[in-house]
Amino acid sequence: MNVSLLVDGSLLVMIVVVALWTIAVRDSFAAVIGYACYGLLLGFAWVRLAAIDAALTEAAIGGGLTSVLLIRAVVRLRSTEASTQAETPGRLQRILAAILSAAVAAALGVVVLALPEPAPSLAPQVAQHIASTGLGNAVTAVLLAFRATDTLLEAVVLVYALVAVWALTPDRFWGGRPGQKYDADPNGMLAYLARLLPPLGIIVAIYVFWVGADLPGGKFQAGTLLAAMWLLAIMAGLTDAPPVSRRWLRVALVAGSVVFLAIGFAGVPLAGAFLAYPEGYAKPLILIIEAASMLSIAVTLGLLVLGPPERSEHS
């Protein structure tokens, strides 16, 4: 058995074990930690598959941001956890759940095993035309040129997710500041890190965004880094979350989607199709979309972590 096979086999076993443990464990906080570990293990799996872009996104969104949101939810629901754990589903309910889960797993297995050989693919057509985008990173080229509609919808879904979070705002705090106010400790380690890391994080984010045109990286990874630096400064008490009623904040939230749609509709008269790029202008237009989307992603992810407004605008 070679080392590569041993590593891949061990990773597969760990992913399955952590997934089963996360489902079976009764404590919600332990389940969230298991979920975070599961996301990081999936990131390693994507690395083994040479999909570095997917690995970075999985580690940032799956293992990072989503885990933080779940931890916040667990903390808020801690007082109701004891009564929830006391509720035990009946035997019939458990049997039906097991049957349904097995049926879904069997259906997925049948679908995968029944795929034709060779599987239908548009890869030859993509490979033939990908040079016209001027991008060296095939992932960015596919997502912004050949699957641009999917990428646009992902950006819109993020904004809708934030709107759903804001919908939980009490009426008296509508338009106020999200999250709690953190007090600064000038001599604390968190304040020290919040002064040291953001300048470096911003530079790294810009680099990850810029090289995303030709190397692994891009707007999602860069936006996540910017959101993390912003949240670090807020949690250290060096700055406060802005009121959600601020116009500049709302403009930043929709900038990515608006720019994406504007360039997409401009493609109809200029290139003959929605989300098509005029010949010779694909790369600069894609970079403009990526830059605007990076800003919107950073602001949206930061506000998702902070949660709904809990304070008035002046508190």
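Mentor: Let us begin with R147, which is partly exposed at a relative accessible area of 42%. Here buried means under 20% relative accessible area, exposed means over 50%, and partly exposed is what falls in between, with a 1.4 Å probe and protein chains only. The model is predicted, so local features need pLDDT of at least 70 and side-chain atom pairs count only at pLDDT 80 or more, whereas totals for chains, interfaces and linings use all residues. Residues are numbered from 1 along each chain as its sequence is written, and side-chain values use heavy atoms, with hydrogens and water left out.

Trainee: With which residue does R147 form a salt bridge?

Mentor: The partner is D150, and the closest N and O atoms are 3.0 Å apart. A salt bridge is counted when a side-chain nitrogen of Lys or Arg is within 4 Å of a carboxyl oxygen of Asp or Glu. D150 is partly exposed too, at 34% relative accessibility.

Trainee: How many salt bridges are there in the whole structure?

Mentor: The search finds seven. One of them joins the side chains of D214 and K283, at 3.8 Å from N to O. That pair links distant parts of the chain, since D214 is in the loop between α9 and α10 and K283 is in helix α12, 69 residues apart. D214 has a relative accessible area of 39%, and K283 has 28%.

Trainee: And D240 with R311: are these two buried or exposed?

Mentor: Both are buried. Their side chains meet in a salt bridge of 3.0 Å, N to O. D240 lies in the loop between α10 and α11 and R311 lies in strand β2 (residues 309-311), so the pair ties together parts that are 71 residues apart in sequence. D240 and R311 also belong to a network of salt bridges with R177 and K181.

Trainee: Stepping back, how many helices and strands does the protein have?

Mentor: There are twelve helices and two strands. These are DSSP runs numbered from the N terminus: helices are H or I of at least four residues, and strands are E of at least two. The protein has 315 residues, of which 36% count as buried. Its C-alpha trace spans about 60 × 55 × 40 Å along the principal axes.

Trainee: Which residues touch the most other members of the largest nonpolar core?

Mentor: L301 and L303 do, in a core of 20 residues. α8 (148-166), α10 (219-235), α11 (247-271) and α12 (282-306) each give two or more residues to this core, and α12 gives the most, with seven. A nonpolar core is a set of buried Ala, Val, Leu, Ile, Met, Phe, Trp, Tyr and Cys residues joined through side-chain atoms within 4.5 Å.

Trainee: What does L303 touch, leaving out residues up to four places away in sequence?

Mentor: L303 touches L162, W166, P178, W230, L249 and L253, where contact means heavy atoms within 4.5 Å. Another core, of 15 residues, lies apart from the largest one and has L152, A213, L275 and A282 among its members.

Trainee: New topic: which residues of α2 are buried?

Mentor: They are A30, A31, V32, G34, A36, G39, L41, G43 and A45. The cover over them includes α1 (3-24) and α3 (52-76). Helix α2 (residues 28-48) has 21 residues and reaches 30 Å from its first C-alpha to its last, close to the 30 Å expected at 1.5 Å a residue. That expected span is 1.5 Å times one less than the number of residues. After α2 comes A50, which has a positive phi, near 65°.

Trainee: Where is L215, and what is it in contact with?

Mentor: L215 is in the loop between α9 and α10. Beyond its neighbours within four places in sequence, L215 is in contact with D53 and N137. The C-alpha atoms of L215 and I52 are separated by 9.3 Å, although the two are 163 residues apart along the chain.

Trainee: Last one: which residues make the nonpolar surface patch?

Mentor: M189, Y192, L193, L196, L197 and L200 make a patch of about 560 Å². Patches are made of residues with over 30% relative accessible area and no salt bridge, with like charges joined within 9 Å and nonpolar side chains (Val, Leu, Ile, Met, Phe, Trp, Tyr) joined within 5 Å. Accessible areas come from the Shrake-Rupley method with a 1.4 Å probe, and for residues only the protein chains shown count as cover. Y192 is found in helix α9 (residues 189-211) and is partly exposed, at 47%.
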